[in-house]
Amino acid sequence: MPIPLTSSARTLGAATLLAVMATAVEAQTPAAPAAVSLARLECGTNQPPTDVGLRFSDTYAYNGLKVQLVYSCYVIRHGDDVLVWDTGFPKSSAPTSPRQTIPELLGQLDISPAQVKYVGLSHSHGDHIGQASLFPTATLLVGKGDWDVLSDAKATPNQAPIAPWLSGGKVETLTGDKDVFGDGSVVILNMPGHTPGHRSLLVRLKGMGNVLLTGDLAHFHENYDSNGVPSFNTDRAATLASIDRFKQIAKNLKATVIIQHDQRDIAKLPLFPQMAR
Ligand SMILES: [Zn+2]
(Lines give C-alpha, C1' and ligand atoms only; values in the text may rest on other atoms or scores of the structure.)
Protein backbone atom coordinates (compact mmCIF):
# COMPACT_ATOMS: atom_id res chain seq x y z
CA MET A 1 0.00 0.00 0.00
CA PRO A 2 1.57 3.32 -1.11
CA ILE A 3 2.45 5.71 1.70
CA PRO A 4 1.25 9.23 0.93
CA LEU A 5 4.19 11.67 1.02
CA THR A 6 3.98 15.22 2.24
CA SER A 7 5.15 17.82 -0.26
CA SER A 8 8.41 18.43 1.68
CA ALA A 9 9.15 14.71 1.87
CA ARG A 10 8.65 14.40 -1.89
CA THR A 11 11.06 17.29 -2.49
CA LEU A 12 13.62 15.77 -0.14
CA GLY A 13 13.26 12.41 -1.85
CA ALA A 14 13.75 13.88 -5.30
CA ALA A 15 16.76 15.92 -4.17
CA THR A 16 18.36 12.87 -2.56
CA LEU A 17 17.73 10.83 -5.69
CA LEU A 18 19.29 13.51 -7.90
CA ALA A 19 22.32 13.72 -5.61
CA VAL A 20 22.78 9.95 -5.77
CA MET A 21 22.40 9.99 -9.55
CA ALA A 22 24.93 12.82 -9.89
CA THR A 23 27.45 10.91 -7.80
CA ALA A 24 26.90 7.81 -9.88
CA VAL A 25 27.33 9.76 -13.13
CA GLU A 26 30.54 11.36 -11.86
CA ALA A 27 31.91 7.98 -10.86
CA GLN A 28 31.07 6.30 -14.18
CA THR A 29 31.85 8.99 -16.76
CA PRO A 30 35.50 9.18 -17.79
CA ALA A 31 37.08 12.64 -18.00
CA ALA A 32 35.83 14.55 -21.04
CA PRO A 33 38.28 14.25 -23.94
CA ALA A 34 40.74 17.16 -24.02
CA ALA A 35 39.93 19.88 -26.52
CA VAL A 36 42.44 19.83 -29.39
CA SER A 37 43.24 22.81 -31.61
CA LEU A 38 45.82 23.53 -34.29
CA ALA A 39 47.37 26.63 -35.88
CA ARG A 40 50.10 27.29 -38.44
CA LEU A 41 53.03 29.50 -37.51
CA GLU A 42 55.13 31.36 -40.08
CA CYS A 43 58.64 30.05 -39.42
CA GLY A 44 60.68 31.65 -42.18
CA THR A 45 60.47 34.37 -44.82
CA ASN A 46 59.44 33.35 -48.33
CA GLN A 47 62.10 33.50 -51.02
CA PRO A 48 61.38 33.92 -54.75
CA PRO A 49 59.63 30.86 -56.24
CA THR A 50 61.91 27.83 -56.43
CA ASP A 51 62.74 26.03 -59.67
CA VAL A 52 61.83 22.61 -58.30
CA GLY A 53 63.20 20.75 -61.30
CA LEU A 54 66.74 21.22 -60.00
CA ARG A 55 66.77 19.26 -56.72
CA PHE A 56 63.27 18.04 -56.03
CA SER A 57 63.13 15.16 -58.51
CA ASP A 58 65.45 12.23 -59.11
CA THR A 59 63.61 11.42 -62.38
CA TYR A 60 64.01 14.77 -64.19
CA ALA A 61 60.37 15.67 -63.56
CA TYR A 62 59.05 19.24 -63.11
CA ASN A 63 61.46 20.70 -65.66
CA GLY A 64 61.25 24.45 -65.23
CA LEU A 65 58.33 24.30 -62.78
CA LYS A 66 58.44 27.13 -60.25
CA VAL A 67 56.72 26.73 -56.89
CA GLN A 68 56.33 29.20 -54.05
CA LEU A 69 57.75 27.37 -51.06
CA VAL A 70 56.97 28.54 -47.51
CA TYR A 71 58.27 27.64 -44.04
CA SER A 72 55.68 26.30 -41.65
CA CYS A 73 55.61 25.31 -38.01
CA TYR A 74 52.49 24.34 -36.11
CA VAL A 75 51.16 24.61 -32.58
CA ILE A 76 48.79 22.00 -31.20
CA ARG A 77 46.91 22.61 -27.96
CA HIS A 78 45.67 19.53 -26.14
CA GLY A 79 43.79 20.68 -23.06
CA ASP A 80 46.44 22.57 -21.07
CA ASP A 81 49.35 20.88 -22.86
CA VAL A 82 51.10 22.22 -25.93
CA LEU A 83 53.06 20.56 -28.74
CA VAL A 84 55.10 22.61 -31.20
CA TRP A 85 55.57 20.71 -34.47
CA ASP A 86 58.75 21.74 -36.32
CA THR A 87 60.62 24.89 -35.42
CA GLY A 88 61.58 26.47 -38.77
CA PHE A 89 64.55 28.72 -39.31
CA PRO A 90 66.13 30.63 -36.44
CA LYS A 91 65.78 34.40 -36.24
CA SER A 92 68.97 35.74 -37.84
CA SER A 93 70.27 38.13 -40.47
CA ALA A 94 69.66 35.51 -43.20
CA PRO A 95 66.97 36.35 -45.78
CA THR A 96 65.04 33.23 -44.74
CA SER A 97 64.85 34.40 -41.09
CA PRO A 98 61.30 34.54 -39.69
CA ARG A 99 60.10 38.03 -38.77
CA GLN A 100 58.80 36.82 -35.40
CA THR A 101 60.03 33.95 -33.27
CA ILE A 102 57.76 31.07 -32.32
CA PRO A 103 57.59 32.30 -28.67
CA GLU A 104 56.49 35.73 -29.99
CA LEU A 105 53.79 34.11 -32.12
CA LEU A 106 52.67 31.86 -29.24
CA GLY A 107 52.36 34.99 -27.10
CA GLN A 108 49.48 36.04 -29.38
CA LEU A 109 47.76 32.80 -28.33
CA ASP A 110 48.57 33.43 -24.63
CA ILE A 111 50.96 30.47 -24.59
CA SER A 112 54.30 30.88 -22.80
CA PRO A 113 57.38 28.86 -23.84
CA ALA A 114 57.28 27.08 -20.47
CA GLN A 115 53.82 25.71 -21.34
CA VAL A 116 55.25 23.88 -24.35
CA LYS A 117 55.50 20.33 -23.10
CA TYR A 118 56.70 18.76 -26.35
CA VAL A 119 58.70 19.87 -29.37
CA GLY A 120 58.25 17.42 -32.24
CA LEU A 121 60.65 17.51 -35.19
CA SER A 122 59.64 16.05 -38.54
CA HIS A 123 63.36 15.71 -39.31
CA SER A 124 66.84 17.10 -38.79
CA HIS A 125 67.12 19.69 -41.58
CA GLY A 126 67.97 23.29 -40.73
CA ASP A 127 64.61 24.73 -41.82
CA HIS A 128 62.84 22.50 -39.25
CA ILE A 129 65.06 22.67 -36.16
CA GLY A 130 66.11 26.34 -36.11
CA GLN A 131 64.16 27.52 -33.05
CA ALA A 132 64.03 24.31 -31.00
CA SER A 133 66.42 25.65 -28.35
CA LEU A 134 63.88 28.36 -27.45
CA PHE A 135 61.96 25.58 -25.64
CA PRO A 136 64.68 24.05 -23.45
CA THR A 137 62.25 22.59 -20.90
CA ALA A 138 60.19 20.70 -23.49
CA THR A 139 60.60 17.00 -24.19
CA LEU A 140 62.08 16.64 -27.66
CA LEU A 141 60.31 14.05 -29.84
CA VAL A 142 62.42 13.04 -32.83
CA GLY A 143 62.93 9.97 -34.99
CA LYS A 144 65.89 7.92 -33.81
CA GLY A 145 67.51 7.99 -37.26
CA ASP A 146 67.53 11.78 -37.21
CA TRP A 147 68.60 12.06 -33.57
CA ASP A 148 71.61 9.90 -34.48
CA VAL A 149 72.53 12.49 -37.12
CA LEU A 150 71.83 15.52 -34.90
CA SER A 151 73.72 14.19 -31.88
CA ASP A 152 76.81 13.36 -33.98
CA ALA A 153 78.98 16.49 -34.03
CA LYS A 154 80.73 15.32 -37.21
CA ALA A 155 77.44 14.93 -39.09
CA THR A 156 75.94 18.09 -37.56
CA PRO A 157 78.60 20.78 -37.05
CA ASN A 158 76.03 23.32 -35.78
CA GLN A 159 74.36 21.65 -32.82
CA ALA A 160 73.16 24.92 -31.25
CA PRO A 161 69.47 24.30 -32.05
CA ILE A 162 69.48 21.04 -30.07
CA ALA A 163 71.97 22.06 -27.39
CA PRO A 164 69.44 21.78 -24.49
CA TRP A 165 68.95 18.07 -25.25
CA LEU A 166 72.65 17.32 -25.58
CA SER A 167 73.15 18.60 -22.04
CA GLY A 168 70.47 16.80 -20.04
CA GLY A 169 67.17 17.90 -21.58
CA LYS A 170 64.55 15.20 -22.01
CA VAL A 171 64.62 13.63 -25.46
CA GLU A 172 62.51 10.75 -26.69
CA THR A 173 63.95 9.07 -29.78
CA LEU A 174 61.17 7.41 -31.76
CA THR A 175 61.46 4.11 -33.58
CA GLY A 176 57.78 3.80 -34.55
CA ASP A 177 54.67 5.96 -34.31
CA LYS A 178 54.07 8.01 -31.16
CA ASP A 179 50.64 8.72 -29.68
CA VAL A 180 51.73 11.99 -28.05
CA PHE A 181 48.94 12.48 -25.50
CA GLY A 182 47.83 8.85 -25.17
CA ASP A 183 44.29 9.34 -26.53
CA GLY A 184 44.93 8.96 -30.27
CA SER A 185 44.23 12.62 -31.00
CA VAL A 186 47.80 13.58 -31.96
CA VAL A 187 50.02 10.90 -33.49
CA ILE A 188 53.56 11.26 -34.84
CA LEU A 189 53.79 8.89 -37.82
CA ASN A 190 56.93 7.02 -38.83
CA MET A 191 57.55 8.14 -42.45
CA PRO A 192 61.22 7.54 -43.27
CA GLY A 193 62.93 8.23 -46.58
CA HIS A 194 63.46 11.98 -46.82
CA THR A 195 65.78 11.38 -43.88
CA PRO A 196 66.33 8.14 -41.90
CA GLY A 197 63.99 9.13 -39.06
CA HIS A 198 61.55 11.39 -40.88
CA ARG A 199 58.07 11.79 -39.35
CA SER A 200 54.65 13.22 -40.31
CA LEU A 201 51.87 14.27 -37.90
CA LEU A 202 48.21 13.28 -37.59
CA VAL A 203 45.93 15.66 -35.67
CA ARG A 204 42.32 14.58 -35.09
CA LEU A 205 40.11 17.62 -34.55
CA LYS A 206 36.52 17.45 -33.37
CA GLY A 207 35.17 20.07 -35.75
CA MET A 208 37.49 20.14 -38.75
CA GLY A 209 38.17 16.41 -38.70
CA ASN A 210 41.47 14.71 -39.35
CA VAL A 211 44.50 16.69 -40.50
CA LEU A 212 47.78 15.26 -41.79
CA LEU A 213 50.90 17.43 -41.75
CA THR A 214 53.45 16.04 -44.19
CA GLY A 215 56.72 17.21 -42.72
CA ASP A 216 58.90 16.96 -45.85
CA LEU A 217 57.38 13.68 -47.05
CA ALA A 218 56.46 15.88 -50.02
CA HIS A 219 57.40 19.52 -50.63
CA PHE A 220 54.67 20.60 -53.07
CA HIS A 221 51.47 19.33 -54.70
CA GLU A 222 53.13 18.07 -57.87
CA ASN A 223 55.56 15.74 -56.12
CA TYR A 224 52.89 14.53 -53.69
CA ASP A 225 50.50 13.75 -56.56
CA SER A 226 53.12 11.92 -58.65
CA ASN A 227 54.99 10.15 -55.81
CA GLY A 228 58.05 12.20 -56.69
CA VAL A 229 61.31 11.70 -54.82
CA PRO A 230 63.75 14.59 -54.37
CA SER A 231 67.32 13.74 -55.37
CA PHE A 232 68.57 14.67 -51.88
CA ASN A 233 66.41 12.13 -50.00
CA THR A 234 68.35 9.49 -48.09
CA ASP A 235 66.29 6.47 -49.19
CA ARG A 236 64.16 6.26 -52.37
CA ALA A 237 62.41 2.96 -51.54
CA ALA A 238 61.56 4.10 -48.01
CA THR A 239 60.20 7.39 -49.37
CA LEU A 240 57.85 5.55 -51.75
CA ALA A 241 56.69 3.20 -48.99
CA SER A 242 56.04 6.17 -46.71
CA ILE A 243 54.09 8.06 -49.39
CA ASP A 244 51.99 4.91 -49.96
CA ARG A 245 51.23 4.56 -46.25
CA PHE A 246 50.51 8.27 -45.86
CA LYS A 247 48.06 8.30 -48.77
CA GLN A 248 46.22 5.25 -47.40
CA ILE A 249 45.88 6.91 -44.00
CA ALA A 250 44.64 10.10 -45.67
CA LYS A 251 42.03 8.11 -47.60
CA ASN A 252 40.88 5.95 -44.69
CA LEU A 253 40.59 8.89 -42.29
CA LYS A 254 39.27 11.32 -44.94
CA ALA A 255 42.01 13.63 -43.75
CA THR A 256 42.91 17.11 -44.94
CA VAL A 257 46.50 16.81 -46.21
CA ILE A 258 48.68 19.84 -45.58
CA ILE A 259 52.02 19.99 -47.40
CA GLN A 260 54.04 22.11 -45.03
CA HIS A 261 56.28 23.80 -47.65
CA ASP A 262 53.51 24.51 -50.21
CA GLN A 263 52.01 28.00 -50.09
CA ARG A 264 48.80 26.67 -51.66
CA ASP A 265 48.08 24.73 -48.45
CA ILE A 266 48.25 27.62 -45.98
CA ALA A 267 44.57 28.45 -46.44
CA LYS A 268 43.51 24.92 -45.49
CA LEU A 269 43.76 26.10 -41.87
CA PRO A 270 42.22 29.27 -40.44
CA LEU A 271 44.59 32.23 -40.67
CA PHE A 272 46.79 32.70 -37.58
CA PRO A 273 46.06 33.56 -34.78
CA GLN A 274 42.79 31.71 -35.31
CA MET A 275 42.99 28.01 -34.53
CA ALA A 276 41.37 25.03 -36.23
CA ARG A 277 39.27 23.06 -33.77
ZN1 LIG B 1 62.05 21.44 -45.20
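Helix α7 covers residues 236-252, and its 17 residues should span 24 Å at 1.5 Å a residue; the end C-alpha atoms lie 25 Å apart, which agrees. The model is predicted.

**Helix α7**

- The buried residues of α7 are Ala238, Thr239, Ser242, Ile243, Phe246, Ile249 and Ala250.
- These residues lie on the same side of α7, because they cover an arc of only 135° around the axis.
- Ala237, Lys251 and Asn252 are exposed, and they are carried by the face of α7 turned away from its buried side.
- The cover over the buried residues of α7 includes the strands β10 (186-190), β11 (199-205), β12 (209-213) and β13 (256-258), together with the helix α6 (221-225).
- At the N-terminal end, α7 is capped by Asp235, which has a side-chain oxygen 3.1 Å from the backbone nitrogen of Ala237.
- After α7 comes Lys254, a residue with a positive phi.

**Aromatic pairs**

- Six aromatic pairs are present in the structure.
- One of them joins Tyr62 and Phe220 in an edge-to-face arrangement, with 5.3 Å from centre to centre and 80° between the planes.
- This pair links distant parts of the chain, 158 residues apart: Tyr62 is in the loop between β2 (50-51) and β3 (66-67), and Phe220 is in the loop between β12 and α6.
- Both Tyr62 and Phe220 are buried.
- Tyr71 and Phe89 also form a pair; their ring centres are 4.9 Å apart and their planes stand at 65°, so this pair is edge-to-face.
- Tyr71 belongs to the loop between β3 and β4 (72-78), while Phe89 belongs to the loop between β5 and α2, 18 residues apart.
- Tyr71 counts as buried because its relative accessibility is 14%, and Phe89 is buried with a relative accessible area of 18%.
- Phe56, Tyr62, Phe220 and Phe232 make up one aromatic cluster.

**Charged groups over rings**

- Arg55 places its charged end over the ring of Phe232, at 4.3 Å from the ring centre.
- Lys247 has its charged end over the ring of Tyr224, at 4.8 Å from the ring centre.

**A buried loop residue**

- Thr101 lies in the loop between β5 (81-85) and α2 (102-107).
- Thr101 counts as buried because its relative accessibility is 14%, which falls under the 20% cut-off.
- Apart from neighbours within four places in sequence, the contacts of Thr101 are Lys91, Gln131 and Leu134.

**Backbone features**

- Most residues other than glycine have a negative phi, and most peptide bonds are trans.
- Asn227 is not a glycine, yet its phi is positive, at about 55°.
- Asn227 sits in the loop between α6 and α7, and it is partly exposed, with a relative accessible area of 34%.
- Lys254, likewise a residue other than glycine, has a positive phi near 45°.
- The loop between α7 and β13 holds Lys254, and this residue is exposed, with a relative accessible area of 73%.
- A cis peptide bond runs from Phe272 to Pro273, with omega near 10°.
- Pro273 is located in the segment after β13.

Technical notes:
Residues are numbered from 1 along each chain as its sequence is written. This is a predicted model: local features need pLDDT of at least 70, side-chain atom pairs count only at pLDDT 80 or more; totals for chains, interfaces and linings use all residues. Side-chain values use heavy atoms; hydrogens and water are left out. Helices (H or I, at least four residues) and strands (E, at least two) are DSSP runs, numbered from the N terminus. Buried means under 20% relative accessible area, exposed over 50%, partly exposed in between (1.4 Å probe, protein chains only). Contact means heavy atoms within 4.5 Å. The expected span of a helix is 1.5 Å times one less than its number of residues. The arc is that of the directions from the helix axis to the C-beta atoms. A polar contact is a pair of N or O atoms within 3.5 Å; within protein, one must be able to donate a hydrogen and the other to accept it, and residues adjacent in sequence count only if both atoms are side-chain atoms. Rings of Phe, Tyr and Trp (its six-membered ring) pair if their centres lie within 6.5 Å; planes under 30 degrees apart count as stacked, over 60 as edge-to-face and the rest as tilted. A charge sits over a ring if NZ of Lys or CZ of Arg is within 6 Å of the ring centre and within 35 degrees of the ring normal.
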